[in-house]
Amino acid sequence: MDSETARRLCCITSEFYREHSDSFSATRHAPWAGWERCLEAIGTEAFERKDGEDLDSKGNWVFDDKDGGGFGSTGGEAFGRSGDEAVSVFDLACGNLRFESFLESAFPAVDFEFYAVDKCDALAFGGAETTLRSSLRYRSIDILSALSAGKIDVPVCDLAVAFGFMHHVPGALDRGRVLAELVSHTRPGGFAAVSFWRFLNDEGLAEKARASHARARDELGLPELDEGDYLLGWRNEPGAYRYCHSFSDAEIDELAGSVADRASVVARFSADGRTGDLNTYVVFRAR
């Protein structure tokens with residue numbers, strides 16, 4: 001995909017969320033089934049970092065499976081932290097902050113430090129930020145522009161996630177950059193989790209996608225896009241389009257492989273939607 005087409009697609013998507021943030025957010029309150037399975041995958045992997053014993057003689061991180069370790073297995077000692085130490089979470093493209101609300105609900109005894117970034121302030125400000133009990137640091141940034149200019153200024157965290165965002169990133173190169181950035185913000189032994197939308201798995205959604213895409217290309221004068229690329233409509237509202245990519249297994253394989261030197265895959269599964277397979281999740285553990 002050429003850079004000008006990618007830029008136009010990003011602008012179309014940004015305009016969609018600016019214009020339709022209220023109606024979109026109103027349909028996005030319930031947690032995804034896949035989130036629970038991500039936490040289950042994380043819970044099977046202990047990564048407590050022991051004071052004074054962080055590295056072995058070869059410079060590798062030392063992990064301890066004391067008490068099973070993992071996410072919230074002992075309430076306040078989630079992520080190997082002591083009861084009075086917060087768990088840090090980086091949420092890339094946080095939307096209306098419902099993942100933050102989900103974590104707080106799932107682990108009421110755990111204190112979190114949330115670092116959330118998104119370009120659509122209307123989504124975040126209309127979401128859960130006023131009801132969260134944990135620390136929230138929100139930054140309004142254009143993620144792809146920020147990556148072009150360097151790195152996103154967020155600290156390394158215990159958990160880094162990107163849910164419902166990768167399908168809005170045009171082009172394989174930029175998708176790889178987004179995943180690499182997510183892993184780079186995950187502390188050694190911490191976890192990163194990503195969802196990849198696969199709306200073409202549902203014939204009803206696929207039919208709607210093909211129809212709206214043909215209509216949008218005609219209205220907007222867009223060239224033919226890459227395989228898996230579509231412009232999706234919204235509630236039959238005229239001119240309401242957002243760019244989305246439906247991922248194949250091969251594309252997910254390639255993306256996971258692109259960070260293999262920095263993170264290991266600890267889980268990969270399908271979940272969500274009526275068919276239970278509209279998202280593929282990959283959970284990584286950072287080296």
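## Lining of the largest cavity

In this predicted model, helix H2 gives the most to the lining of the largest cavity, supplying four residues. H2 spans 33-43, and strand E4 spans 157-162; each of these two elements supplies at least two residues of that lining.

By class, the lining has nine nonpolar residues, with no polar and no charged ones. The volume of the largest cavity is about 30 Å³. A search of the whole structure for cavities of 30 Å³ or more finds one.

## Packing of H2 and H3

Two packed helices are described by the angle between their axes and the distance between the axes. For H2 and helix H3 (residues 98-106), the angle is about 55° and the axes lie 12 Å apart. Angles from 65 to 115 degrees count as roughly perpendicular and those under 35 as roughly parallel; H2 and H3 are therefore oblique to each other. Their crossing is right-handed.

On the H2 side, the contact involves Trp35, Glu36 and Leu39; on the H3 side, Arg98, Phe99, Phe102 and Leu103. The residues of this contact comprise five nonpolar and two charged, with no polar ones.

## Packing of H6 and H8

Helix H6 covers residues 172-184 and helix H8 covers residues 249-258; their axes come within 9 Å and cross at roughly 45°. That angle makes H6 oblique to H8. The crossing of H6 and H8 is right-handed.

From H6, the contact draws on Arg175, Gly176 and Leu179, and from H8 on Glu251, Leu255, Ala256 and Ser258. The residues of the contact of H6 with H8 fall into three nonpolar, two polar and two charged.

In the contact of H2 with H3, five residues are nonpolar, none is polar and two are charged. In the contact of H6 with H8, three are nonpolar, two are polar and two are charged.

Notes:
Residues are numbered from 1 along each chain as its sequence is written. This is a predicted model: local features need pLDDT of at least 70, side-chain atom pairs count only at pLDDT 80 or more; totals for chains, interfaces and linings use all residues. Side-chain values use heavy atoms; hydrogens and water are left out. Axes are lines fitted to C-alpha atoms, for helices over the stretch in contact, and angles run from 0 to 180 degrees between N-to-C directions. Angles under 35 degrees count as roughly parallel, over 145 as roughly antiparallel, 65 to 115 as roughly perpendicular and the rest as oblique. A crossing is left-handed if the near helix is turned anticlockwise from the far one by less than a right angle, and right-handed if clockwise. Contact means heavy atoms within 4.5 Å. Ala, Val, Leu, Ile, Met, Phe, Trp, Tyr, Cys and Pro count as nonpolar, Asp, Glu, Lys and Arg as charged, and the others, Gly among them, as polar. On a 1 Å grid over the protein atoms alone, a cavity is a set of points where a 1.4 Å probe fits but cannot get out, and a pocket is an open set with protein on both sides within 12 Å along at least five of seven lines; lining residues have an atom within 4 Å of a point. Grid points are joined across faces, edges and corners, and a volume is the space filled by probe spheres set on the points.
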